[in-house]
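Please keep the model open beside it and check each point as you go.

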Amino acid sequence: MLVSATEQLTAFAAEKRFEQCTPLVLAIVELSEMFEPLRPRLPQVEELLNHKDRLLEDLKAECLEDIEGKLFTPGYDPENKVDVKAACETAAAIGKEVKDDVISMYCMRLLKEYQKLFSFPDGQYSTLEDCDRRFAWLSRTLRRYNAEHREYFPSEWRVDKQLCLHYCHLTRQHLVDLLAATAAPGQTEDAGLLFQLAVKNIEMENDLDKRYSRGDGDMSFKGIVSNCFEPYLSVWVDHEESLLCTKVDEAAAKENPEIMGSKRGSVPSSTDVSEGAQTEPVFVYTSVVELFTKMKKLFKNCKSVSTSNTMFLLCVKSFRV
């Protein structure tokens, strides 16, 4: 049966009749598992299985070539989906690795334009300020996928999620290269921009997670891109420390600082503690309230992007002020 099946598959593969190839591939894979224990002992079985391996490898290449050619060749009739669907089913029948290769090929083919536009340093939009353009590109590409190619792929392949994952990993590499070249320590002019970009990428990751991740061990988008900002947020912390120091210096330089007074929260007088009867009102400089309000906002902002090294550094430097 295995010999007959491989002969039929050879004939169908030569004509790229993928619809007929799929059941034969499934049968051959199942039969091969039965013969595999005999492979080391019987030369005829080893030769047959080697032939099967070469045949499936050639079929894999034909599937990839056919899918890529028909999806990305101008003039291909989008109404004729049968060939591409059949090639995808054949690829899945050969094995998970082949299915993954098809998905990766498709995603990287779409991302070829993205790489050209956004890679550092040669891309047209390769600066930190162009992050919004990156998000817009992904949105357009997902719309294109849904409109033109979604029907070609089995729904369980979740190609849209895989496309987003490939996008995130490629974006991370772009930003790692860009930050290493432009976000040098001590350059505080981009401190606010770095923080804003970290926030925007976290929001993007959370949005993709809500749309595509199913939980229960399903791969998450969180941190794929945004974590690359963590080593550089010390620039933002230094910048904010400088602003806090300036605020303290300005408050200390005032000749008549404004004072807030209130009986609420009053504390006992030092002379009357033993008597336990008298208290005196608490007076607080307005500048102190403003300073701690600023610090509270800083910690809240920092928590939105990091609860590890950056938060620790902010705590140390804020209270040192």
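Some cut-offs come first: a residue is buried under 20% relative accessible area, exposed over 50% and partly exposed in between, using a 1.4 Å probe and protein chains only. This is a predicted model, in which local features need pLDDT of at least 70, side-chain atom pairs count only at pLDDT 80 or more, and totals for chains, interfaces and linings use all residues. Residues are numbered from 1 along each chain as its sequence is written, and side-chain values use heavy atoms, with hydrogens and water left out.

1. **Confidence.** pLDDT is the predictor's confidence in each residue, from 0 to 100. The chain has a mean pLDDT of 81, and 69% of its residues reach 70 or more. Helices (H or I, at least four residues) and strands (E, at least two) are DSSP runs, numbered from the N terminus. Confidence in the chain is highest in H5, at 96, and lowest in strand E1 (residues 259–268), at a mean of 50. Over residues 263–267 the pLDDT stays under 50. Where pLDDT is low, the predicted coordinates should not be read in detail.

2. **Helix H2.** The buried residues of H2 include Phe 18, Cys 21, Leu 24 and Ile 28. Among the parts that cover the buried residues of H2 are H1, H3 and helix H4 (82–94).

3. **Leu 56.** Find Leu 56 in helix H3 (residues 43–72). Leu 56 is buried, at a relative accessible area of 9%. Which residues does Leu 56 touch, not counting those up to four places away in sequence? They are Leu 9, Val 25, Val 29 and Ile 94; contact means heavy atoms within 4.5 Å. Thr 10 is 46 residues from Leu 56 along the chain, yet their C-alpha atoms are separated by 9.4 Å.

4. **Salt bridges.** A salt bridge is a side-chain nitrogen of Lys or Arg within 4 Å of a carboxyl oxygen of Asp or Glu. By this rule there are 18 salt bridges. One of them joins Asp 53 and Arg 39, at 2.9 Å from N to O. Asp 53 lies in helix H3 and Arg 39 in the loop between H2 and H3, so this pair ties together parts that are 14 residues apart in sequence. Asp 53 is partly exposed at 31%, whereas Arg 39 is buried at 16%.

5. **Pairs within H3.** Glu 57 and Lys 60 form a salt bridge of 4.0 Å, N to O. These two are three residues apart in helix H3, about one helical turn. Glu 57 is partly exposed at 46%, but Lys 60 is buried at 19%. An α-helix has 3.6 residues a turn, so residues three or four places apart point the same way. Asp 66 and Lys 70 lie four residues apart in helix H3, with a salt bridge of 3.2 Å, N to O. Shared partners link Lys 16, Asp 66, Lys 70 and Asp 83 into one salt-bridge network.

6. **A lysine without a partner.** Lys 99 sits in helix H5 (residues 96–118). Lys 99 is buried but has no salt bridge. Asp 100 is the nearest side chain of opposite charge, 4.1 Å away. Lys and Arg count as positive and Asp and Glu as negative, while His and the chain ends are not counted.

7. **Aromatic rings.** Rings of Phe, Tyr and Trp (its six-membered ring) pair if their centres lie within 6.5 Å; planes under 30 degrees apart count as stacked, over 60 as edge-to-face and the rest as tilted. The count is ten aromatic pairs. The Phe 153 and Trp 157 rings have centres 6.2 Å apart and planes at 35°, so the pair is tilted. Phe 153 is buried at 6%, and Trp 157 is buried at 5%.

8. **Backbone points.** Phe 120 and Pro 121 are joined by a cis peptide bond, with omega about 5°. Lys 16 is not a glycine, yet has a positive phi of about 55°. Lys 16 is in the loop between helix H1 (2–14) and helix H2 (18–35).
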